[in-house]
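Biologist: I would like to learn how to read a model like this one. Where do we begin?

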Amino acid sequence: MKKEDVPQDLGALGKITKEVCYATDENGKYTTELSNGWDVKTTALDTAWQNVEERIATAKQKVLNKEASPILFFMEKSLMDIEILAGYTGFWQWQVKRHLKPDVFNSLPEQKLKKYAEAFNLSLADLKTMTINEA
Amino acid sequence: MKLDFNHIQAAHCENGVTVGLLKNSGVKQITEPLAFGIGAGLFFVYIPFLKINNGPVIAFRSMPGLIFKRVCKALDIPIVRKKFSSKEAAEKFLNDCLAEGNPVGCQVGVYYLPYFPKEYRFHFNAHNLIVFGTEDGNYMVSDPVMEGTNIMSAYELERVRFAKGALAPNGQLYYPKESKPVTDEQMVSAIKSGIKRNVFNMISPLMGPVAGVNGITYTGKKIKKWRNKLGQKEAGSYLAQLVRMQEEIGTGGGGFRYIYGAFLQEAHAYIPNDDLLGISAQFTASGDLWREGAIQAAGIYKGRLGSQEDFNVMGDYLLQIAEIERKAFVALKNIKWQ
């Protein structure tokens, strides 16, 4: 890539910091140039977020249909999977999977629910009612 | 207390941390391309049957931590590397290091990194930064992908050092044990061994079908089948993931090729063999193709393109890249070192 071809499409990161890119000058010698971002990258990121939004919406519907517990919704909302959530709560993965069932969730003691509330940074009430506090 | 430390911005976090720590401990010659090349950072692997963020796992880099380790080993610099099971012990050890005057590299997760834009915060645990001071319970942080330094509270730092999930950092920190200058002869031998290692990783038949240049060919062939196998939309998401792994998470594909090209030019200053310059140009050509491929992929995940022919073109980019890189690494293998 030539120095003058380093893309300068302002993206999410570009508003906060510029990125270092290696590119060649007119003599073919490598040098660095700062980039504001690149459309191709931005749209790849947008695509990833669209997938996330869809997964959240699906999860929400499942909770409303009583096919899953609110943990599924907050797990998707925090971009987590079962492995990550198990890591943050200290439960085993098989336990987390069990807690995704509404019946099991409803019978969980407060002490266990608290671990989820902490992992998602929520109050217990918000966890149970699937309320989002955008603070 | 703030240590005397120069923040250095880099294209890739682990290169940047390696350069920052080593420059600080007396290795004047080190630059980002040299660290990347000596650490044999260029790699490719497609891991079948495994998924991250619901897409394929494609890595363009060696395992996190390896670049720092290899560079220090090649330059004969002893290192300290520690993981912790207790958060208190991890913080105390960090404080002790700072009190002794050592800036410290830390492996962190980006999901809770306060100065990162929200759009970039996925659960990705192989990011690296340097802590170089503490004041009123806050820490001064030099993150190599940022233009300037940042401040994090003790709680914020603890949270990213103990992020969970794949490649969980477990508070991992590392730094050079002693400060010492490095001679140019050492640089020459480190450069040669770095190139040899990278040649092995990319073209040795021992690396199997999914790693190195073979892995690029393998992925190219897979991509052609994605549309029929996964359907248009899912295949598009897979390609978006490929591009994110390639260009975003540590400037993988194109960016890494350019850094490697820069490395070979800088190597030429230590080892005046003109073949290095020619091979450097081949890596530039490969980097350009990775970027053209990313544009093609963007056409597909934006929905502008989408026929089987478009997927074939995409796959062919990777096949073509594999061919160029195979030739370049064979040429590196055949260099006669005096």
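Modeller: With contact: two residues are in contact if their C-beta atoms, placed from the backbone, lie within 7 Å. Keep in mind that this is a predicted model.

Biologist: How many residues does the contact take from chain B and from chain A?

Modeller: Chain B gives 39 residues and chain A gives 30 residues.

Biologist: Which helices of chain B each supply at least two residues of the side that touches chain A?

Modeller: They are α8 (232–248), α9 (253–270) and α10 (275–301) of chain B. The largest share of that side comes from α10(B), with nine residues. By residue class, the side of chain B that touches chain A splits into 19 nonpolar, 11 polar and nine charged.

Biologist: Now a single residue. Is Val27(B) buried or exposed?

Modeller: A residue is called buried if 20 or more other C-beta atoms lie within 10 Å of its own. Val27(B) has 24 within that distance, so Val27(B) is buried. Its place in chain B is the loop between α1 (13–24) and α2 (32–38).

Biologist: Which residues does Val27(B) touch, not counting those up to four places away in sequence?

Modeller: Val27(B) touches Leu22(B), Leu75(B), Pro181(B) and Val182(B). Take Pro181(B): 154 residues separate Pro181(B) from Val27(B) in sequence, yet their C-alpha atoms are 5.1 Å apart in space.

Biologist: And how is chain B divided into domains?

Modeller: Domain 1 of chain B comprises 13–30 + 79–176, and domain 2 comprises 184–333. Between the C-alpha centres of domain 1 and domain 2 of chain B the distance is 29 Å.

Key. Residues numbered from 1 in each chain as written. Chains lettered and ligands numbered in written order. Predicted model: local features only at pLDDT ≥ 70, side-chain atom pairs only at ≥ 80, totals over all residues. Helix = DSSP H or I, 4+ residues; strand = E, 2+ residues; numbered from the N terminus. Nonpolar A, V, L, I, M, F, W, Y, C, P; charged D, E, K, R; others polar. Buried ≥ 20, exposed ≤ 12 C-beta atoms within 10 Å, placed from the backbone. Domains from an automatic or database assignment.
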